[in-house]
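Could you walk me through the fold, the core and the confidence of this model?

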Amino acid sequence: MQPEAQPTAPLTDSEGEPLEPLSRNVVEVRRPPPRAAVVPLLFDSPHSGTWYPEDFDHACDPALLRKAEDTHVDDLYDFAPSLGATLVCAVFPRSYIDVNRRLADIDITMIEGAWPDPVDVSPKTRSGIGLIWRLLDDRTPIYARKLTVDEVRHRIDRCYRPYWDALHRSAEHLVAQHGRLVHINCHSMPEEAGPLSWVPRGTRFADIVLGDRDGTTCTPEFTALVAEAFRKEGLSVAINDPYKGVEIVKQMGRPAEQRESMQIEINRRLYMDEATRERNANYASLKASLRRVMEQVAAYAAQAARRF
Ligand SMILES: [Zn+2]
C-alpha cells in the first residue's frame, strides 16, 4: 500500500486565527519511505525535544532543566519508518510546555493577572509539573517571575496545538486507511525516583515500564505481547508500576474503537549517563533490542488490521 499525503488544513491559534508561518518547525513527523508496506502503527516522542525557545526566560540552571528531557528517545525509535510506522517527535522540551497534560491542567498562581481559559487541575499541577512546569524534579523553581497570559497562550499556540494536531492527523490518517490504530507513546525515566515522585525517593525502577492506565487504553493481549517481547530481550518489565500513562495515552487509547495506545518508559541507565546526558556503551544494544520488540508490535498492528 502506498503512503498517502497527509491532509494539510492550516494551523490555527486559540482564537481560530491562522498561525503565522513558524520560524522553526516545532514538531517532526517521520513517515515510512515511498513503497514501504505501511502499518497502522504510530509512535510519538513528546519529551525528547532539545530546542529551548528564545522566550523561555527561566531562572534555573540549564543543566538542571535538561534533566526533565527524555533525551535521545526520538533517536532510539528512529527505525519506526523502516517498519512502515509513523513517528511524531516534539522539537521543544517538556519543561517549556508539557503536551502530555490537558490545557486546563494549569497552575494559575504562576500567571500574572487573570487566566481567561478553563482551569481544572490534576495532582500533576499540585506537584508543580502541570501544563507549564513550576518546579524541576529536585524541587528547584524554574522561574523567578510570573508568566504573562500572552506568553502562556503563545506556548500553547506555537507548540502544544501543533503537536496535538500532528498526532491527531497522523492517527486519523492511519485509521482511515486501515480501520484501526496501534499507538506507542515513547518516554524515558530516571534510574530512581526523585523528590517529586509519588513513590519513595530512591526507589529503583524496572528496565521497562509499560503503562495502559490499568488496562483501559489497550487490550490485555497487546500489553502481554509487549511485556513478553521485552522480557525475551533480557529486560525487566513492570506494568503500570509506577507509571500508568497520562494524557496522551488517555486520549489516544480507545480499545473498543480498535485504537490501542500504550506508554513505554525506558530506564535511562540502559542507554545514557544521566549526569552528562551522553549515550553510554549499551546504547546500540538497547536500540537493537527495542527494534526487535517493535518489529513484533508492527507485525501485531499489521495482523490486527487484517481482521477488518
Ligand atoms: Zn516523558
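Here is a short report on the predicted model shown above.

## Fold and overall shape

Let's begin with the secondary structure. The protein chain holds 7 helices and 7 strands. Read from the N terminus, these elements follow the order β-β-α-α-β-α-α-β-β-α-β-α-β-α. The chain has a radius of gyration of 19 Å, close to the 19 Å that the globule rule gives for 308 residues, so it is as compact as a globular protein of that length.

Along its principal axes, the C-alpha trace spans about 55 × 45 × 35 Å. Among contacts between residues at least 6 apart in sequence, 77% join residues at least 24 apart.

Of the 308 residues in the protein chain, 40% are buried. The largest nonpolar core has 68 residues, and Leu41, Ala85 and Val297 touch the most other members. Helix H4, which covers residues 149–178, gives the most to this core, with 9 residues.

Setting aside neighbours within four places in sequence, Val297 is in contact with Leu41, Val182, Ile184 and Val226.

## Confidence

The average pLDDT of the protein chain is 91, and 91% of the residues score at least 70. Residues 1–10 are a stretch to treat with care: pLDDT stays under 50 there, and the model has 13 contacts beyond four places in sequence for them. Where pLDDT is low, the predicted coordinates should not be read in detail.

Key
Residues are numbered from 1 along each chain as its sequence is written. This is a predicted model: local features need pLDDT of at least 70, side-chain atom pairs count only at pLDDT 80 or more; totals for chains, interfaces and linings use all residues. Helices (H or I, at least four residues) and strands (E, at least two) are DSSP runs, numbered from the N terminus. The radius of gyration is taken over C-alpha atoms; the globule rule is 2.2 Å times the number of residues to the power 0.38. A residue is buried if 20 or more other C-beta atoms lie within 10 Å of its own, exposed if 12 or fewer, and partly exposed in between; C-beta atoms are placed from the backbone. Two residues are in contact if their C-beta atoms, placed from the backbone, lie within 7 Å. A nonpolar core is a set of buried Ala, Val, Leu, Ile, Met, Phe, Trp, Tyr and Cys residues joined through C-beta atoms within 7 Å. pLDDT is the predictor's confidence in each residue, from 0 to 100.
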